[in-house]
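Let's take a walk through this one, from a loop to a pocket and on to the ring pairs. Have the sequence and the model open as you read.

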Amino acid sequence: MIDARCRLSALSFFPNENPDWDFARTRRLALRTPHGEWCQSALSACEADGFWYHQVDYAHEGFVARVQGESWKAIDRIGFRLVVEGQTPELRAGEVTVTPDWVLYRFEAEEGCLGVRYQLFEVPEAATAMLAATYTWEGAGKADILLKPLLDLRDIHYFSDPEGHHAERLDERLLVVHHQRHLAIASDTPFALFPDRQVRELYYPLGSGEREVLHGRIHFKREYFRGMSLGAFAFDLSAPVTLAFVAAPHEAEAIGAVHVGLEHLPALEAACEASAASYHARLPGLAREVASRVYVMAEKFDLPRGERAVPGAGAWWAREPHLSSIFEGLLHNRQTLLHVGRGALIEESIRLALDHPAPETDLLLFDFLAEHLPALRDPNLLDELYEAYRRAFEAFASGSHDALGGAPVLDQRGLLSSQPSASWMNGMRALSVEGLQVGGLPVRIDPAWQQEAIAWLRDARHVQALFQVPAYYLPELNARWIRMLETGMALADRCNDAALLDASRVAYERALSSFKRVFWNPEAGFLYNLVTREGRVDPTRAITAVEAAARLGERVFSRDELAAIWEAARDHLLVRRTLAGRPAAFGLIAKESAERTYLGDVQAYEAVCWPSKTPYLLKLLAQLGETRVMREILATNLAHQFDEGAVFYAGELMSLPEGGNPSPNPATAQDPVPVRNPMHWAALWCDAYLAAATDCMPPRSGGIA
């Protein structure tokens, strides 16, 4: 058989094109390691040059290597042409099998079956990743294969320069490509090279995930780059053939790493299988989909930090350690990471935050530690946290409400006032009033307030300054502040700092007492989106109210008030997805907004669903005993994870299915639409699955073997 190895966590399917919402739902296949990433479509096609290629629909797909802390694209895709007894047989794309560690495409012909297998490895003792593409023929007659890699060696944030690529063949199994960085291409068997240097236009129909309206229909913004083909690599396919790729800053490093990677290939494959198997062994009570979700969350987003690692925010341009994403994810994966033995990832993330102190970072860190502090045992780390808390508390207590761009300020009510963009909903917009256009305006503020300010002040700088001072109360930020004070009191008590303990306790008691008086909207049974220091309120319903209620629970709210918050969220913010032929709960939109369709950054915090925020809704539902809705959410999020976008991963943003659908599929046209980055770490929350009775979850189609 083409692949007789253990198919633990394997999902097999016949790839079908889904044109719904401009092909937004097409399954992607993704492989990730700390120093590399490979992503392409499940669909393949024969192109005009007679070679088969897997579709690459996003501009950031292909083989991307992390080189000296930067993401470099190396390979766009690899074309192949099968030759049997001197003839090119007619191929048909067959079943695809995908796991978190390898991907197998099958192509059928009358003469037999061709398998194309991809795997991504960390090369032993080298800070680099290796992509291995293996080709296997099962059939009658002598077979050869021609391979045509399409190169695009560049910093992922810059444009292509195919003319700048230079290649040098060093021996019968090795070729090196030079262009600012170095790409070693090596095989486990000799190859013939038929040079045919060509520049190829690379067309990406999904671009970078942003969209536009054309003739009343919503389409992804297409993007174009340029790749380069060196020609065809020819192999005898009487036995499986592997072609490997390594990118590095220096030629010697690339060559050394690709040789080591090929030499250790069987051991590396075995280690991947063992790692996946260990997760299933440690999670025996979970559905296999859930165990695979845990494995991907815990293992596939690591970014090196010295000898340890922290979680990266996501794929492509988001292969960075964004602290907001890290602590959002840790908050909802803490128990899972501890259960599978990855507590070091948590501790290193805490140290990263201590190395980058900032007001928003402090709130995220100490809010998380309200639950995790008892698990810390290192006295030196606890001492560092005490000092960091003391500095942060003093900074908040001494801040000024009038400081342009200032940090949050602690007031007499025990609450923090801040800039409107101080929390995660920090996008900006531009508005025009009577010919005066003003940019840099926080999307958190009601645009009517900003239009009013423009008409009144008639000065762009003054308008911007009005919304850049810490004079606004945000409910979710103050919920984090209350949890931060709980952490701070424990740290101050441990260090016998009576003055800090008393000051923190006073702030805590005042904040608990003030929170509902400031934020509760009795008419809506919900929380205000924000409140100014002068008492002006914005009643816009937003997910941040659910976030605050979930963090504070019955410390602040009665059970009836928590129920009212859920009912308002259900009626105004809830997004549903089809499950077993009917709509079921999926998540919440960021806020109730007239901006109903995601096009780009401007709409990212409007009526758009962020799956990374769904755990707050689950926590609120758990407090209310709403188990049916919770099970729906768990099941629909698994369906998203396996049925669309990057298989085994979860997307960053989901747009409402509103506006002009250029190619509706009745089966999915009313489901939220995946946009932007399909691999987001904080969206792979797992604690809720571990806490749930997964055997009672509603069934979903396409389970994994």
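Glu 434 is found in the loop between strand 25 (428-433) and strand 26 (436-442); strands here are DSSP runs of E with at least two residues, helices are runs of H or I with at least four, and both are numbered from the N terminus. Before going further, bear in mind that this is a predicted model, where local features need pLDDT of at least 70, side-chain atom pairs count only at pLDDT 80 or more, and totals for chains, interfaces and linings use all residues. Residues are numbered from 1 along each chain as its sequence is written, and side-chain values use heavy atoms, with hydrogens and water left out.

Back to Glu 434: its phi is near 50°, a positive value in a residue other than glycine. With a relative accessible area of 64%, Glu 434 is exposed (over 50% is exposed, under 20% buried, and in between partly exposed, using a 1.4 Å probe and protein chains only). Asn 496 has a positive phi too, near 55°, and it sits in the loop between helix 11 and helix 12 (498-519). At 69% relative accessibility, Asn 496 is exposed.

Asp 57 belongs to the loop between strand 5 (52-54) and strand 6 (62-67), and at 7% relative accessible area it is buried. Its side chain makes a polar contact with the side chain of Gln 55, at 3.3 Å. A polar contact is a pair of N or O atoms within 3.5 Å; within protein, one must be able to donate a hydrogen and the other to accept it, and residues adjacent in sequence count only if both atoms are side-chain atoms.

Helix 5 holds Asn 333, which is buried at 0% relative accessibility. A polar atom of the Asn 333 side chain lies 2.7 Å from the backbone nitrogen of Cys 686. A pocket is an open set of points on a 1 Å grid over the protein atoms alone where a 1.4 Å probe fits, with protein on both sides within 12 Å along at least five of seven lines; lining residues have an atom within 4 Å of a point. There are 30 lining residues, with Ser 324, Ser 325, Trp 424, Asn 426 and Tyr 605 nearest the centre.

What kind of aromatic pair do Phe 366 and Tyr 389 form? The pair is edge-to-face, 5.7 Å centre to centre with 75° between the planes. Rings of Phe, Tyr and Trp (its six-membered ring) pair if their centres lie within 6.5 Å; planes under 30 degrees apart are stacked, over 60 edge-to-face, and the rest tilted. Because Phe 366 lies in helix 7 (residues 359-372) and Tyr 389 in helix 8 (residues 379-397), the pair ties together parts that are 23 residues apart in sequence. Phe 366 is buried at 0% relative accessibility, and Tyr 389 is buried with a relative accessible area of 0%.

The whole structure has 29 aromatic pairs. Elsewhere, ring pairs link Trp 38, Trp 52, Phe 80, Tyr 105, Phe 107, Tyr 118 and Tyr 135 into a cluster.
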